[in-house]
Amino acid sequence: MIAKLPLTILVPGPLHERSVLRIDETFRIVRIDRVDPALLTPEMKHDVRGVAASGFREPLDAAFIDALPNLEIIASFGVGYDAVDAGYAGGKGIMVTNTPDVLTEEVADTALGLLINTVRELPRAEAYLRAGRWEREGSYPLTPMTLRGRRAGIFGMGRIGMAIARRLEAFGLSIAYHNRRPVEGLAYPYYPSLEELAEAVDTLISVVPGGAATEKIVDARIFKALGADGVFINIGRGSTVDEDALAEALREGIIRAAGLDVFANEPHVPQALIDLPNAVLLPHVASASVHTRNAMADLVVDNLISWFSDRKALTPVAETAQVTAKG
Ligand code: NAP
Ligand code: 8YV
């Protein structure tokens, strides 16, 4: 049992209940409804030393950071922290942490489930059974697609990309990848551009972070390169995909099928995608087990505790890796 620390942590907007409870046990917690500097009281502005937030949905930007002059650390829930201006925070000597590793295997499991559902049409086969069609009409039709002989391309061979690759190897698929830089010592074929990777494979699995560098990077050109037998799986971020181009590629047979866990404007999913029978759609559930979300929630709080007790963060993001605690 850790003694309560005389420090104020702000939770703007919704956060996993376990993080909230543990912050409340360990610190003085203050809450506002959303990430909005207009909601901060003068006391909050003065007292807040740490922020714990879901750093994916609501922009935690320069204006919000500047409104908290004594802020030392932003502990973000999730490995992706697209909405946190981590570069700005780092420039001001403010630490930003995320929740890597603890969700890697869960997300990779979901990626494989989504791939199999997409290729072998399992959600449609189940709907067929539940509608009584098996009894009335006979067997579900043979699926035109199979995993057998598929060539997988991983766009984003990082922690989760590697965990997906390990699973794909066990399933007997060949593997290639694209990152901005090749991973040292990794034997899988590397392609220096996404388009070249898409041309070389028939199953493209995207697990890159969101943000300006990847905005709509998976576009019509990439679907054309993937080709008519192509399957596109996105478990990374919806912002990386031109969704209009994807819907058109699926409708026109430019690619064969897609499995998507993430969308550009969640929780809204374009009707054009919902209408397509060759798209398998999940409501951003890749890490969403009680086990894994608890581990993520704990890591948010453990970062705060480590920062204020030992003056170091457990999982700093790249942009703030050089930030050190003052005093
Ligand atoms: P990671 O270890 O940092 O891996 C990211 C990979 O993407 C790296 O290999 C990186 O390589 C590559 N990359 C980054 N920017 C790129 C670009 N502009 N062009 C090409 N490659 C690029 O992160 P992770 O833990 O695997 O997580 C990856 C992402 O998955 C997260 O950021 C998050 O958005 C998403 N995610 C989604 C869910 C979900 O629920 N669906 C759950 C967890 C994570 P280089 O730096 O060499 O380019
Ligand atoms: C969570 C995620 O769904 O970690 C990420 O980057 O996308 C997911 O694990 C998300 O953080 C929930 O807010």
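These legends describe close-up views of one predicted model. Local features need pLDDT of at least 70, side-chain atom pairs count only at pLDDT 80 or more, and totals for chains, interfaces and linings use all residues. Residues are numbered from 1 along each chain as its sequence is written, chains are lettered from A and ligands numbered from 1 in the order in which they are written, and side-chain values use heavy atoms, with hydrogens and water left out.

**View 1. The largest nonpolar core has 53 residues.** A nonpolar core is a set of buried Ala, Val, Leu, Ile, Met, Phe, Trp, Tyr and Cys residues joined through side-chain atoms within 4.5 Å. Buried means under 20% relative accessible area, exposed over 50%, and partly exposed in between (1.4 Å probe, protein chains only). The residues with the most contacts inside this core are Ile-23, Phe-27, Ile-154, Ile-164, Leu-168, Leu-304 and Phe-308. Helix 13 (residues 290-310) gives the largest share, eight residues. Helices (H or I, at least four residues) and strands (E, at least two) are DSSP runs, numbered from the N terminus. Another core, of 27 residues, lies apart from the largest one. Among its members are Leu-246, Ala-249, Ile-255 and Leu-260.

**View 2. Ile-164 and its contacts.** Contact means heavy atoms within 4.5 Å. Neighbours within four places in sequence are left aside here. Ile-164 then touches Ala-108, Ala-111, Leu-112, Ile-154, Ile-205, Val-207 and Ile-235.

**View 3. Ligand 2 and its shell.** A residue is near a molecule if one of its heavy atoms lies within 4 Å of it. Ser-54, Phe-77, Gly-78, Val-79, Gly-80, Leu-103, Arg-237, His-284, Ser-287, Arg-293 and Met-296 surround ligand 2. This shell divides into four nonpolar, five polar and two charged residues. Ala, Val, Leu, Ile, Met, Phe, Trp, Tyr, Cys and Pro count as nonpolar, Asp, Glu, Lys and Arg as charged, and the others, Gly among them, as polar. A polar side-chain atom of Arg-237 is 2.7 Å from an oxygen atom of ligand 2. For an N or O atom in the side chain of Ser-287, the distance to a ligand 2 oxygen atom is 2.7 Å. A backbone N or O atom of Val-79 lies 2.8 Å from an oxygen atom of the ligand. On its own, ligand 2 has 330 Å² of accessible area, and the protein covers 89% of it. Accessible areas come from the Shrake-Rupley method with a 1.4 Å probe; for residues, only the protein chains shown count as cover.

**View 4. Ligand 1 is surrounded by 26 residues.** The closest are Arg-159, Ile-160, Arg-180, Ile-235 and Asp-261. The shell holds twelve nonpolar, nine polar and five charged residues. A backbone N or O atom of Ile-160 lies 2.9 Å from an oxygen atom of ligand 1. A polar backbone atom of Gly-158 is 3.2 Å from a ligand 1 oxygen atom. For a polar side-chain atom of Arg-181, the distance to an oxygen atom of ligand 1 is 3.3 Å. Taken alone, ligand 1 exposes 920 Å², and the protein buries 87% of that.

**View 5. His-284 in the loop between strand 11 (279-281) and helix 13.** His-284 counts as buried because its relative accessibility is 18%. Its side chain makes a polar contact with the side chain of Glu-266 at 2.7 Å. A polar contact is a pair of N or O atoms within 3.5 Å; within protein, one must be able to donate a hydrogen and the other to accept it, and residues adjacent in sequence count only if both atoms are side-chain atoms. The peptide bond from Glu-266 to Pro-267 is cis, with omega near 5 degrees. Pro-267 lies in the loop between strand 10 and helix 12.

**View 6. Asp-242 caps the N-terminal end of helix 11.** Asp-242 is found in the loop between strand 9 (231-234) and helix 11 (243-251). A side-chain oxygen of Asp-242 lies 3.2 Å from the backbone nitrogen of Asp-244. Asp-242 is partly exposed, with a relative accessible area of 21%. In helix 11, Glu-243, Ala-245, Leu-246, Ala-247, Ala-249 and Leu-250 are buried. Gly-253 follows the helix, with a positive phi near 75 degrees.
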